[in-house]
Amino acid sequence: MSKEKLPRVFPAERTDIIQLQLKQQAATAFQSHVLPATAAEWEQYRQQLRQHIIRASGVKMFHDLPLNIKETGRVQQPGYTIRNITFQTRPGVYTTANLYVPDGKGPFPAVINMHGHWKDGRMGEMVLATAQSLAMSGYVCLNADAWGAGERTTVSGQPEYHGANLGASLLNTGNTLLGMQLTDNIRGVDLLCSLPEVDKNKIGATGASGGGNQTMWVSAIDERIKAAVPVVSVGTFESYILNSNCICELLPDGLTFTEEAGVLALLAPRALKICNAINDNNKSFYPSEMLRSYQHAASVFKLLQAGDKISYQIFNTTHGYWPEIREAMIGWMDLHLEGKGNGAPHLLPPVTALPMQELLNFKNGNRDSSVATTAAWCRREADLVNVAPVSRAAQRLALERLLKTGKQTGLKAIHQYTAQQGWERVALETTAGNLIPLLIKAPAIREKGYVIAVHPGGKDSVSRSDIQAWATEGVGIVLPDLWGTGEQESVMAKTVDGSQPPFHTLARSVMWLGGTVQGKWINDLEMITDYLQEQNGKVRIVLNGSKEAGIASLLFTTLGGRAAKVVLDGSPLSYRFDTREGIDYFTMAVHIPGILPWGDVPMAVALSKSEVEWKHPVTMAGREVGDNEWKHYQAMVQRFKKLPENK
């Protein structure tokens with residue numbers, strides 16, 4: 001058996017059910033979010049939507065926090081000066097930036113210019129060119145590094161991608177990468193408004209790609225921004241589903257309460273010009289998707305007698321902030337911030353390359369520790385967590401909300417197929433339309449019951465030596481493919497993942513739609529255990545979960561799932577951030593927004609009524625836990641076990 005390939009439940013050629021389901025859910029969400037048709041209704045809707053976004057993103061406002069601007073150098077250019085600065089965005093947390101100030105006497109209009117996924121962050125070639133164009137046109141411009149980018153990467157001077165599992169680690173602390181960036185950018189507006197060189201009534205915002213995405217969000221929330229130009233970034237949230245987007249563009253539960261048109265409409269009656277590229281290679285930013293959102297949002301602008309304040313332009317370019325787009329942006333800013341011209345493109349002289357090394361705040365890796373990295377922030381947040389649970393019942397209810405397991409699916413049908421290689425082949429059809437494939441071996445000794453072995457890589461990843469050992473012991477064996485794994489895998493999602501960690505696409509898509517992968521796995525486990533009980537009467541069930549599938553197994557029992565025992569094999573003892581190295585030890589299916597403030601893994605163990613056994617417990621980076629970490633875990637479990645059932 002140890003060398004034998006496991007049989008398949010389904011034929012090799014099959015339909016990508018997950019793709020169909022998620023696309024259908026996204027399409028339904030898009031159509032359901034209809035914007036109000038009267039000004040009175042819109043005002044109420046606007047206030048509610050704004051609060052929804054603030055809660056879901058976790059954005060924080062620190063308007064009264066001292067900016068503590070620190071200037072580390074200046075670079076003189078023809079017609080303007082560049083100041084290298086850091087400033088405080090959260091208590092004790094600073095961001096790195098460049099401030100472009102035109103020569104002459106102000107006050108000047110100002111623009112916050114947000115960058116996308118360029119490896120040099122705020123100093124990417126197109127980001128610099130946009131800032132130069134603005135400064136030469138008489139605008140103060142702030143270029144700040146996005147959270148985790150530029151001079152804010154894990155290792156000073158070493159570029160890295162701020163998304164994927166690194167950025168997703170913020171979710172476990174109860175934050176989002178989108179919200180961290182949004183907080184920074186609101187503080188950037190605070191900075192511009194504080195400068196004597198700036199007319200605080202004439203603030204604009206722009207950016208391309210991920211920076212255009214932030215342009216939309218910060219302009220929707222911060223009404224001090226009077227004109228916004230998001231570039232190659234506007235589409236539909238529907239098109240984000242099963243597409244290649246960054247975790248910084250994720251608003252958890254977003255599609256349950258809005259579409260992109262609603263966010264764009266929050267800018268009304270302020271000025272909004274949307275710029276897209278006809279040759280963009282990302283479907284989320286196709287002009288056709290943008291037009292769907294534009295047309296819906298424009299109805300609100302017209303409702304508020306501001307139809308002339310919203311516009312779009314499609315450029316014959318690829319993805320990027322090209323010279324002709326910069327000219328169109330400045331023409332729009334001239335009209336709506338300065339009252340100059342008619343909004344036509346502002347012709348610009350060519351820009352020259354800037355001395356990037358001279359724009360750095362910290363050279364030779366000598367970065368100030370106040371410039372927090374994602375890794376440092378996550379560790380700090382975990383240290384500051386103060387879990388104050390009221391009761392076991394309240395904690396379970398809170399966990400259901402985190403996992404989004406409230407809307408359970410039921411068992412619709414049982415499909416049984418011809419046995420192969422001694423394995424029964426079964427598929428459980430759920431009321432949601434999923435098919436859960438199972439390989440089953442009945443127990444040789446009934447009292448031994450069944451072990452359900454789950455793995456994030458699917459049943460083919462379950463250890464063959466473990467399967468052999470269970471069979472030798474006479475234990476029944478159930479090998480499922482949980483949602484998104486093995487024969488439930490989405491081929492499209494895997495293709496979109498590319499070089500990103502597994503579940504990069506599915507985890508983001510599910511969160512947009514108001515769920516979590518862990519919640520889906522828990523639903524699958526409920527179906528499987530119910531099926532075994534119905535087929536065999538009261539039978540002993542042991543859940544053997546590897547890696548993050550072990551967490552799903554544990555949480556299933558925390559919420560009252562029936563299992564005598566849970567074995568966690570190579571699972572994380574805690575969701576506390578460990579090290580940047582090994583960040584992809586677990587797939588992106590592991591993340592649960594807010595799990596650390598809820599109580600972490602020790603709380604789940606304390607609330608479970610099942611016996612819990614650990615094999616090879618590890619940190620989130622896959623490192624074997626030390627004695628002190630194990631003792632801390634045990635102490636936390638014992639503390640939480642003292643909780644009353646109700647209070």
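The exercises below use a predicted model.

**Exercise 1.** Work out which way each side chain of strand S13 points, and whether those residues are buried or exposed.

*Solution.* Now go through S13, residues 450–454. Tyr 450, Ile 452 and Val 454 point one way, while Val 451 and Ala 453 point the other way. Next, check burial, for which the cut-off is under 20% relative accessible area. 5 of the 5 residues of S13 are buried, so the strand is largely enclosed by the rest of the structure.

**Exercise 2.** Find the strands joined to S13 by bridges, and trace the chain from S13 to S14.

*Solution.* Take strand S14 (residues 476–480): 3 bridges join it to S13, and the two run parallel. Within S14, Gly 476 is the bridge partner of Tyr 450. To get from S13 to S14, the chain passes through helix H12 (residues 464–473), making a right-handed β-α-β crossover. Then turn to strand S15 (residues 541–546), which is parallel to S13 and joined to it by 5 bridges. Here Val 542 of S15 stands opposite Val 451.

**Exercise 3.** Compare the span of helix H15 with the expected one, then describe its surroundings and what comes just after it.

*Solution.* H15 (residues 517–536) has 20 residues, and at 1.5 Å a residue the expected span is 28 Å. From first C-alpha to last, H15 reaches 29 Å, close to that expectation. Now for burial: 14 of the 20 residues are buried, so H15 is largely enclosed by the rest of the structure.

Methods: Residues numbered from 1 in each chain as written. Predicted model: local features only at pLDDT ≥ 70, side-chain atom pairs only at ≥ 80, totals over all residues. Heavy atoms only, no water. Buried < 20%, exposed > 50% of the residue type's maximum accessible area, 1.4 Å probe, protein only. Helix = DSSP H or I, 4+ residues; strand = E, 2+ residues; numbered from the N terminus. Pairing = 2+ DSSP bridges. Right-handed = clockwise from strand over helix to strand, strands pointing away. Expected span 1.5 Å × (residues − 1).
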